[in-house]
Amino acid sequence: MNFNAEQFAATQKANLSAAADLSQTAFAGFERLVELNMAAGKAAVGESFANMQALMGAKTPQDMMAVQASLVQPAIEKTVSYGRHLSDIANSTSAVFTKAVEGKMAESEQAVKSLVENSLKNAPAGSDAAVAVIKTAFEAGQTAAETLKKVAKQAADTAESNIKAATAQAEASVKSVMSKAKAKA
């Protein structure tokens, strides 16, 4: 395979462009995370003062218990909402990186495949058996790599759905406990 300077320069330019795009994606994800944390922090400070005023306004221990109970549910809902936003930021940023990596892997696999095919075309006469073994080994390697990619994707999808299910179950449990506490009060 003849690899000239123009091909090398084009490859380097494409890699640099891909790296720049991924850097922008990383910074955008980080920026979203900072915005989320700033909003959550600002809201927490404001709510802390409002909650303290509500607690200070309680006249009896029963009033204080009622105020405390009324503050728990919104705090839990906000925590769950924060977790969902955090998960969304991580998932969307990760999806862009995964797509870029998969694209580069596909390009690399194609380049290796072309190199192997071109090298095998120029194999000396009488080496047909060796060429067949190399082709079989290469195809087996590609099949194994595809299988591993599928398994990794299934594992990631399963983990994500398990996290969503656990979050929903925790939220439902908290709501149930809060409903029972309100019924007793």
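**View 1. Salt bridges of the model.** The count comes to 2 salt bridges, a salt bridge being a side-chain nitrogen of Lys or Arg within 4 Å of a carboxyl oxygen of Asp or Glu. The model is predicted: local features need pLDDT of at least 70, side-chain atom pairs count only at pLDDT 80 or more, and totals for chains, interfaces and linings use all residues. Residues are numbered from 1 along each chain as its sequence is written, and side-chain values use heavy atoms, with hydrogens and water left out.

**View 2. Aspartate 88 and arginine 32.** These two residues form a salt bridge, with the closest N and O atoms 3.0 Å apart. The pair links distant parts of the chain: aspartate 88 belongs to helix α2, arginine 32 to helix α1, and 56 residues separate them. Helices are DSSP runs (H or I, at least four residues), numbered from the N terminus. Aspartate 88 is partly exposed at 43% relative accessibility. Arginine 32 is also partly exposed, at a relative accessible area of 32%. The classes are: buried, under 20% relative accessible area; exposed, over 50%; partly exposed, in between (1.4 Å probe, protein chains only).

**View 3. Lysine 78 and glutamate 47.** The side chains of lysine 78 and glutamate 47 meet in a salt bridge, 2.9 Å from N to O. Lysine 78 lies in helix α2 and glutamate 47 in helix α1, so the pair ties together parts 31 residues apart in sequence. Lysine 78 has a relative accessible area of 42% and is partly exposed. Glutamate 47 is partly exposed, with a value of 28%. From glutamate 47 to valine 96, the C-alpha separation is 35 Å; along the chain, the two are 49 residues apart.

**View 4. Helix α1, end to end.** At 1.5 Å a residue, the 52 residues of α1 should span 76 Å. The end C-alpha atoms of α1 are 75 Å apart, which agrees. The expected span is 1.5 Å times one less than the number of residues in the helix. Helix α1 covers residues 5–56. Thr25, Gly29 and Leu36 are buried in α1. The cover over the buried residues of α1 includes α2.

**View 5. Helix α2, end to end.** Helix α2 holds 61 residues (residues 61–121) and should span 90 Å at 1.5 Å a residue. Its end C-alpha atoms are 88 Å apart, which agrees. Buried in α2 are Val67, Gln73, Val80, Ile89, Thr93 and Leu120.

**View 6. Threonine 25 and threonine 93.** Threonine 25 sits in helix α1 and threonine 93 in helix α2. Threonine 25 counts as buried at 17% relative accessibility. Threonine 93 counts as buried at 16%. Contacts here mean heavy atoms within 4.5 Å. Not counting residues up to four places away in sequence, threonine 25 touches Thr93, Val96 and Phe97. With the exclusion of residues up to four places away in sequence, threonine 93 touches Thr25 and Gly29.

**View 7. Nonpolar surface patch.** Phe30, Val34 and Met38 form a nonpolar patch on the surface, with about 310 Å² of accessible area together. Patches are made of residues with over 30% relative accessible area and no salt bridge; nonpolar side chains (Val, Leu, Ile, Met, Phe, Trp, Tyr) are joined within 5 Å, like charges within 9 Å. Areas come from the Shrake-Rupley method with a 1.4 Å probe; for residues, only the protein chains shown count as cover. Valine 34 is found in helix α1. Its relative accessible area is 35%, so valine 34 is partly exposed.

**View 8. Lysine 113 and its contacts.** Lysine 113 is in helix α2 and is partly exposed, with a relative accessible area of 30%. Lysine 113 touches Phe138 and Gln142, not counting residues up to four places away in sequence. The C-alpha atoms of lysine 113 and glutamine 142 are separated by 9.5 Å, with the two residues 29 apart along the chain.

**View 9. Threonine 158 and glutamine 154.** Threonine 158 has its place in helix α3 (residues 128–184). A polar atom of the threonine 158 side chain lies 2.8 Å from the backbone oxygen of glutamine 154. At 42% relative accessibility, threonine 158 counts as partly exposed.

Key:
Helices (H or I, at least four residues) and strands (E, at least two) are DSSP runs, numbered from the N terminus. A polar contact is a pair of N or O atoms within 3.5 Å; within protein, one must be able to donate a hydrogen and the other to accept it, and residues adjacent in sequence count only if both atoms are side-chain atoms.
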